[in-house]
Amino acid sequence: MNELTIIIHSYSSSGLLACVKSALFVTKNIYIIGEEKRADVKEFLSQYKIQVVPFPNQGIVEPARNFGMQQANTAWVFLLDADEVITPELALNIKKAIRDKSYGFYQVPRREILFHSYWLKYGGWYPNYQTRLIQISKFIQWPAFIHSTPVIKGEKGKLHNPILHYSQNNISEMVNRTIVFESNEADLLYKA
């Protein structure tokens with residue numbers, strides 16, 4: 001699909017290979033925004049001519065997404081984090097949405113999988129819609145603060161099949177991520 005670029009935010013993430021392999025269900029036009037230090041992953045990426053575009057780690061994904069949108073030279077962009085996977089069913093949804101061109105952007109449900117085993121289906125965790133498929137011509141900016149919503153012109157559509165999000169592999173990782181997020185969110189509340 002030459003109409004679509006997939007932008008993946010990663011800093012040598014352990015989930016990057018699974019993420020990239022799932023992105024290949026949709027397109028070979030993939031950019032990694034961040035860095036990759038592992039030789040085996042670099043070799044895999046070079047086989048598919050996937051570029052790693054350096055971007056400083058700012059502790060949150062939003063600045064990298066904004067930068068990634070500027071790198072794309074296609075009509076559409078799909079945004080992924082390195083701990084997320086596109087299912088074959090979602091890949092078909094994405095291709096259909098691009099052909100239809102009915103909306104300026106689409107939100108995708110995200111299925112949170114804790115410790116690679118437990119689907120957090122209840123308590124507000126699902127469907128947890130995320131803005132991920134965006135027409136470049138409709139994109140304005142992604143504000144540079146944690147959990148911000150992108151500014152996009154046009155109407156919103158929704159895709160039906162979820163992204164799989166393998167956000168924490170163990171308790172230690174979960175606690176560390178919570179500390180980082182809470183610090184960022186506390187800063188925003190203090191400034192407000």
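Biologist: Which residues does R111 touch, not counting residues up to four places away in sequence?

Modeller: R111 touches W119, Y126, P162, I163, L164 and H165, where contact means heavy atoms within 4.5 Å. Please note that this is a predicted model, in which local features need pLDDT of at least 70 and side-chain atom pairs count only at pLDDT 80 or more, while totals for chains, interfaces and linings use all residues. Residues are numbered from 1 along each chain as its sequence is written, and side-chain values use heavy atoms, with hydrogens and water left out.

Biologist: Where is R111 found, and how far is R111 from K121 in space?

Modeller: R111 is found in strand β7, residues 110–114. Helices (H or I, at least four residues) and strands (E, at least two) are DSSP runs, numbered from the N terminus. From C-alpha to C-alpha, R111 and K121 are 7.4 Å apart in space, and they are 10 residues apart in sequence.

Biologist: Why does R111 count as partly exposed?

Modeller: R111 counts as partly exposed because its relative accessibility is 24%. Buried means under 20% relative accessible area, exposed over 50%, and partly exposed in between, with a 1.4 Å probe and protein chains only.

Biologist: Turning to helix α2, which of its residues are buried?

Modeller: In α2, residues 39–47, the buried residues are V41, F44 and L45. They fall within an arc of 100° seen down the helix axis, so they line one face of α2. That arc is taken from the directions from the helix axis to the C-beta atoms.

Biologist: What do those buried residues pack against, and which residues are exposed on the other side?

Modeller: The buried residues of α2 pack against α1 (16–23), β2 (30–35) and β3 (51–54). On the other side of α2, the exposed residues are A39, D40, E43 and Q47.

Biologist: Now the sheet: in what order do its strands run?

Modeller: The open sheet has 7 strands in the order β3-β2-β1-β4-β9-β6-β12, with mixed pairing. Because β3 and β12 (156–158) stand at the edges with a single partner strand each, one side of each is left without a neighbour in the sheet. Two strands pair if DSSP finds at least two bridges between them.

Biologist: How many bridges join β6 to β12?

Modeller: There are 3 bridges between β6 (residues 105–108) and β12, and these strands run parallel. F105 has K156 as its bridge partner in β12.
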